[in-house]
Amino acid sequence: MSDDQPKKVALIASQGSLDWAYPPFILGSAAASMDMEVQIFFTFYGLPLLKKDLSGLGISPHTNPAMPMKMPFGPEGFQKINWKIPNIVSSNVPFFDAFATSMMKKTFAKHGVATIEELREACQELDVKFVACQMTMDVFGFTREEFIDGVEYGGAATFLEFAAEADISMFL
Amino acid sequence: MTDHTHELDARGLNCPMPVIKTKKALAPLQSGDVLKVISTDPGSVPDMAALARRTGNEIIEQTESNGEYIFYFKKN
């Protein structure tokens, strides 16, 4: 241990797409592995990341010009092609998002990246504290029964009390 | 090669899994035990060094061959 007191990390998870589900769980599990005390506050669109069933997580490449569209299979040259999908296509082709989500999951798996379920479990094993925002749960109609065990519930003040003592705070 | 009492195969895993698995593998060890970790993730080279610095579990030896990175952690 570099210091007497463990470093504290306060994260806000506000995005629930498959790609943005990664940062809070990656940083949370890595920080806990490094003997830091971590709290993740799930609010707005981050709330679905606490659901027991994460199969609904997906991506929507529409209007995201920074998202590479590459195929995780086929010859090497083919895999390097970045398919520039015009918005008119991504918005009109049925099940385009489902296809893109499936490709992203395959690409992650191929590169040895853990699933969201695995990273979330690692966080819990390493005592990362998950706090769900009660207000946005009420607004969006989430129930505690939908969420995994071990989640605590609170509001802005709950997060801020922890963040006030934190060495690292991030809004993701 | 450094003598080691425990071994972790983290080949094929990507960030942050090698770090997490190393932490978990170190947890039950006795002080002074040596854990050998094998990784294929080039990013684990700086990451394992950071893990060692933060947790005080020193890397006493480190080698690389054929895309495999091998670390020997001494449990503090």
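Modeller: Axes are lines fitted to C-alpha atoms, for helices over the stretch in contact, and the angles between their N-to-C directions run from 0 to 180 degrees. With that in hand we can turn to this model, which is a predicted one.

Biologist: Which strands of chain A does helix 7 lie across, and at about what angle does the helix run to strand 1?

Modeller: Helix 7 of chain A, residues 156–164, lies across strand 1 (8–13), strand 2 (37–42), strand 3, strand 4 and strand 5 of chain A, and its direction makes about 150° with that of strand 1.

Biologist: What is the order of the strands in the open sheet of chain A?

Modeller: The five strands follow the order 4-3-2-1-5, with parallel pairing. Strand 4 (151–154) and strand 5 (168–171) of chain A each have a single partner strand, so these two stand at the edges and one side of each is left without a neighbour in the sheet. Neighbouring strands are turned against each other by 20° on average, with direction ignored.

Biologist: How many bridges join strand 3 of chain A and strand 4 of chain A?

Modeller: Strand 3, residues 129–133, pairs with strand 4 in the parallel sense over four bridges, and A:Cys133 has A:Gly154 in strand 4 as its bridge partner.

Biologist: Which residues have the most contacts inside the largest nonpolar core?

Modeller: In soluble globular proteins, nonpolar side chains tend to be buried together. Here the largest nonpolar core has 48 residues, and those with the most contacts inside it are A:Leu11, A:Ala31, A:Val38, A:Ile40, A:Phe42 and A:Ala132. Helix 1 of chain A gives the most to this core, with six residues. Leaving aside residues up to four places away in sequence, A:Leu11 touches A:Pro24, A:Leu27, A:Gly28, A:Val38, A:Ile40, A:Met170 and A:Leu172.

Biologist: At roughly what angle do the axes of helix 1 and helix 2 of chain B cross?

Modeller: Two packed helices are described by the angle between their axes and the distance between the axes. For helix 1 (residues 17–26) and helix 2 (residues 44–55) of chain B, the axes come within 10 Å and cross at roughly 35°, and the crossing is right-handed. B:Pro18, B:Val19, B:Thr22 and B:Lys23 of helix 1 meet B:Ser44, B:Asp47, B:Met48 and B:Leu51 of helix 2, a contact made up of four nonpolar, two polar and two charged residues.

Biologist: How many residues does the contact take from chain A and from chain B?

Modeller: Chain A and chain B give 13 residues each. On the side of chain A that touches chain B, helix 1 (residues 22–33) of chain A gives the most, with four residues, and the residues of that side divide into seven nonpolar, five polar and one charged.

Notes. Residues numbered from 1 in each chain as written. Chains lettered and ligands numbered in written order. Predicted model: local features only at pLDDT ≥ 70, side-chain atom pairs only at ≥ 80, totals over all residues. Contact = placed C-beta atoms within 7 Å. Nonpolar A, V, L, I, M, F, W, Y, C, P; charged D, E, K, R; others polar. Pairing = 2+ DSSP bridges. Left-handed = near helix turned anticlockwise from the far one by under 90°. Core = buried A, V, L, I, M, F, W, Y, C linked by C-beta atoms within 7 Å. Buried ≥ 20, exposed ≤ 12 C-beta atoms within 10 Å, placed from the backbone.
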